[in-house]
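Work through the exercises below with the sequence and the 3D structure at hand. Try each task before reading its solution.

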Amino acid sequence: MAQPMKILRVDSSAKTENSESRRLTDRIIDGLKKNGKSLDVTVRDLNESLPQVNTAWIEANNTPSDDHTDEHKKTLALSNTLVGEIEAADTLIIGVALYNFSITASLKLWIDLVCRARKTFAYVDGSPKGLMTGKKAIICFASGGTPFESDIDFASGYLRHILGFIGITDVTYITADKHFMDDRSLINANAAVDTLTNQL
Ligand SMILES: Cc1cc2nc3c(=O)[nH]c(=O)nc-3n(C[C@H](O)[C@H](O)[C@H](O)COP(=O)(O)O)c2cc1C
């Protein structure tokens, strides 16, 4: 029997209802199920708030794991869980709500907790090398009025960079951009999801 697709679904809209990015992440998973794919889905809802990194976290993260005290281990436990979720996945599906021309604060907290030297990236010959290779990311991007990849979209390029930084370079965007003013935006995004799920 075929191995299930191991999906990590990350939702970052603060809205738990009537969120367009969540509708799209839902639609991808539903579409794959309808197509008979066997799925193993882990859901990480960033609306259930994550802590900011702080002095104790930075100190623990800078300490080699062989020297970790019980306190270091406790401090890094959630971060280790989040990194483990990425490691276990072959496909990340990330819902992105554009807030003030960038990502939500909750998504930035997740990024700060998963970009870890020696765990998700390493310096090799003076250059960073992503360690989370062999994975694909699908990003469902929703904005009210800001065009995707325009000069005032400070989210999409950043996310592509940060995923590449940890080794995920196969990134596909589904865009429901400027949907407050473009009647076709959500229709086109749904169609793009359906095309994608038929290809996966
Ligand atoms: C706090 C906040 C800030 C927003 N800032 C922007 C923005 O800078 N540009 C934009 O096009 N839309 C902005 N919007 C609209 C959202 O991007 C839009 O509602 C999108 O659908 C959010 O994703 P969601 O439906 O999954 O919540 C903002 C919405 C909120 C709540």
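Predicted model: local features only at pLDDT ≥ 70, side-chain atom pairs only at ≥ 80, totals over all residues.

**Exercise 1.** Find the residues that come nearest to the ligand.

Solution. Start with the shell: 17 residues are around the ligand. From these, pick out the nearest, which are S13, S19, S21, L98 and G145. Then sort the shell by class: 6 residues are nonpolar, 9 are polar and 2 are charged.

**Exercise 2.** Identify polar contacts of the ligand, using a cut-off of 3.5 Å between N or O atoms.

Solution. Take the side chains of S21 and H179 in turn. An N or O atom in the side chain of S21 is 2.5 Å from a ligand oxygen. In H179, a polar side-chain atom lies 2.7 Å from an oxygen atom of the ligand. Next, turn to the backbone: a polar backbone atom of N100 is 2.8 Å from a ligand nitrogen. Finally, consider the area: the ligand taken alone exposes 620 Å², and the protein buries 78% of that.

**Exercise 3.** Describe the largest pocket and its lining.

Solution. First, the volume: the largest pocket holds about 240 Å³ of space. Second, the lining: 14 residues line this pocket, with K15, A97, Y99, H179 and F180 closest to its centre. By class, the lining has 5 nonpolar, 7 polar and 2 charged residues.

Note on methods:
Residues numbered from 1 in each chain as written. Heavy atoms only, no water. Near = heavy atom within 4 Å. Polar contact = N/O pair within 3.5 Å; in protein donor to acceptor, adjacent residues only side chain to side chain. Areas by Shrake-Rupley, 256 points an atom, 1.4 Å probe, with all protein chains shown as cover. Nonpolar A, V, L, I, M, F, W, Y, C, P; charged D, E, K, R; others polar. 1 Å grid on protein atoms, 1.4 Å probe; cavity = no way out; pocket = protein on both sides within 12 Å on 5 of 7 lines; lining within 4 Å. Points joined across faces, edges and corners; volume = space filled by probe spheres on them.
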